[in-house]
Amino acid sequence: MTTPEHQSPDPEPSKPSGPAAPQYQDRIYRSPAGIVGGVLLLAIIGWLGIDAVVAGEGRTPWLALATMLLLVPLVVAYTVRPAVYVNDDRLRVRNPFRVIVLPWGQVASLRSGFSNEVVDDSGTKYQLWALPVSLRARSKAARHEARVAAQAARGDGGRAGAGGGSRGGRGGGRGFGPGGVPAAPRQAESDRAMAEMRELHERRQEAEAAQGEVTVRWAYEIAGPAVAGAVLLAVLLAVG
């Protein structure tokens, strides 16, 4: 499941910006389940690690510190860090070890399969870690739509939407909104986010402000501590 958020506006709105600068707030997509799981893992690692540092003897405190130095950045990278930032000009993907900025003019397609990914004009694919695919959520949404279609075929949905009364009040649950207007199809959260981005891509890919080059930056602030922890742990185990 993903949660769209809104980033705070530019703290200097009066400052002139270049043609490639975003003009609107970013919409942010993240995975609440990933964040919760990451926080729980960090709490467990911190609890066990600090206990080993305080109460351990011999090399145990050093092994605990090296292990925490290795594990904490990795847990943050794969759970708390991933996010997708979207505005009218570009798509910014924050993955575990990279940040990819793709102007809409450079985006060829947004694909959904067993994972969600964006493909640029050169054919390079970038996975959207912040939008994990939930096959269970997709199946649930598909079953709901199948029930709505079956009810509509039997005429149940039309009577519920137009009949007023007690059944009309439940029309929204049968695929009809107020006044008998068909409700939007139910989708898994990640699929809904991808649909929103595809719509924005279709509208903005030809805009002048949405042109530019794809940029990729490695997250050395994540990789550096993890590598240092791995090296320290290997040295301690080798010396052992």
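I started with the helix pair: the axes of α2 (residues 60-80) and α7 (residues 220-239) come within 8 Å and cross at roughly 150°. That makes α2 roughly antiparallel to α7 (the term covers angles over 145 degrees). The axes are lines fitted to C-alpha atoms over the stretch in contact, with angles from 0 to 180 degrees between N-to-C directions. I noted the crossing of α2 and α7 as left-handed, meaning the near helix is turned anticlockwise from the far one by less than a right angle.

This is a predicted model, where local features need pLDDT of at least 70 and side-chain atom pairs pLDDT 80 or more, while totals for chains, interfaces and linings use all residues. Numbering runs from 1 along each chain as its sequence is written, and side-chain values use heavy atoms, without hydrogens or water.

Next I listed who touches whom (contact: heavy atoms within 4.5 Å). Among the α2 residues that meet α7 are W62, L63, A66 and L70; the α7 side includes I222, P225, G229 and L233.

Then I checked α6 (residues 189-204): its 16 residues reach 23 Å from first C-alpha to last, close to the 22 Å expected at 1.5 Å a residue (1.5 Å times one less than the number of residues). Its buried residues (under 20% relative accessible area, 1.4 Å probe, protein chains only) are S190, D191, A193, M194, M197, L200 and H201.

Last stop was N116, in strand β7 (residues 116-120). N116 is buried, at 1% relative accessible area. A polar atom of its side chain lies 2.8 Å from the backbone oxygen of L131.

Technical notes
Helices (H or I, at least four residues) and strands (E, at least two) are DSSP runs, numbered from the N terminus. Buried means under 20% relative accessible area, exposed over 50%, partly exposed in between (1.4 Å probe, protein chains only). A polar contact is a pair of N or O atoms within 3.5 Å; within protein, one must be able to donate a hydrogen and the other to accept it, and residues adjacent in sequence count only if both atoms are side-chain atoms. Angles under 35 degrees count as roughly parallel, over 145 as roughly antiparallel, 65 to 115 as roughly perpendicular and the rest as oblique.
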